[in-house]
Amino acid sequence: IARQVYGNDHLQVAFALHRLARAHLSAEDGDYSHCEALEEECLRIVKNQLGPDHPDFARPLNTLAMAYKEQGKYAAAESHIAEALRILKQKLGSNHPDVGYTVLNYALIFIKQGKYSEAEPLIAQGLGIVRGYFGSTHPAVAECLSGLATTFSEEGNFTAAEPLFEEALKIARQVYGNDHLQVAFALHRLARAHLSAEDGDYSHCEALEEECLRIVKNQLGPDHPDF
């Protein structure tokens, strides 16, 4: 519809391309090559309409970097995320949450390569920006913590993942209360980390999942897929 209404070179088309690319990136079986093609077209339009130093040029760069990360194209991922970070710092300031999210994405690229010593200062910097902007118990902070922890888990580093999942769970309890589905999902993620760890704490895993089951049963019923 956007193409029909505005033509192929309009910003509304660029924004639609970016949203679709992010959906492909986030899907469980993400189509990363399609994501790349969409964001390349988005970048071309934004560059022509707003220039290469606009924050809206940085956002598809960010998504492209994550698509490259998932495909193991780490040099391309790093160059794109570095350029996005440069633009956002210049245009929005070093303490803007978009800068924090981008710094954390930079950290994810290093985590994916097992370069934990390079990721650690970026994690501290990114979380510091997000916490400073929203406060330490905001859902945005919990989302960042869970994203980092999930990537650590995928790489088999459960020692790093568990405290991040635990902090995300603590925030979820404070924000939503103990009987909310967001708490159940946080419990489940932490339980899976305990289960997968080499020295897995299985009794703790059991307790977490029992609490998760109770919440999901009360909120969605015992026949829901999330149960």
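Contact here means heavy atoms within 4.5 Å. The model is predicted: local features need pLDDT of at least 70, side-chain atom pairs count only at pLDDT 80 or more, and totals for chains, interfaces and linings use all residues. Side-chain values use heavy atoms, without hydrogens and water, and residues are numbered from 1 along each chain as its sequence is written.

View 1. Ile111 sits in helix H6 (helices are DSSP runs of H or I, at least four residues, numbered from the N terminus). Ile111 counts as buried because its relative accessibility is 0% (buried: under 20% relative accessible area, 1.4 Å probe, protein chains only). Beyond residues up to four places away in sequence, Ile111 touches Tyr116, Ala119, Ile123, Leu148, Thr151, Phe152 and Glu155.

**View 2. Ile123 in the largest nonpolar core.** This core holds 71 residues; Ile123 and Leu148 touch the most other members. H6 gives the most to the core, with nine residues. A nonpolar core is a set of buried Ala, Val, Leu, Ile, Met, Phe, Trp, Tyr and Cys residues joined through side-chain atoms within 4.5 Å. Leaving aside neighbours within four places in sequence, Ile123 contacts Leu104, Ala107, Ile111, Leu148 and Phe152.

**View 3. Lining of the largest pocket.** A pocket is an open set of points on a 1 Å grid over the protein atoms alone, where a 1.4 Å probe fits, with protein on both sides within 12 Å along at least five of seven lines; lining residues have an atom within 4 Å of a point. The lining has 43 residues, with Asn105, Leu108, Glu143, Gly147 and Leu148 nearest the centre. H8 gives the most, 12 residues.

Note on methods:
Helices (H or I, at least four residues) and strands (E, at least two) are DSSP runs, numbered from the N terminus. Buried means under 20% relative accessible area, exposed over 50%, partly exposed in between (1.4 Å probe, protein chains only).
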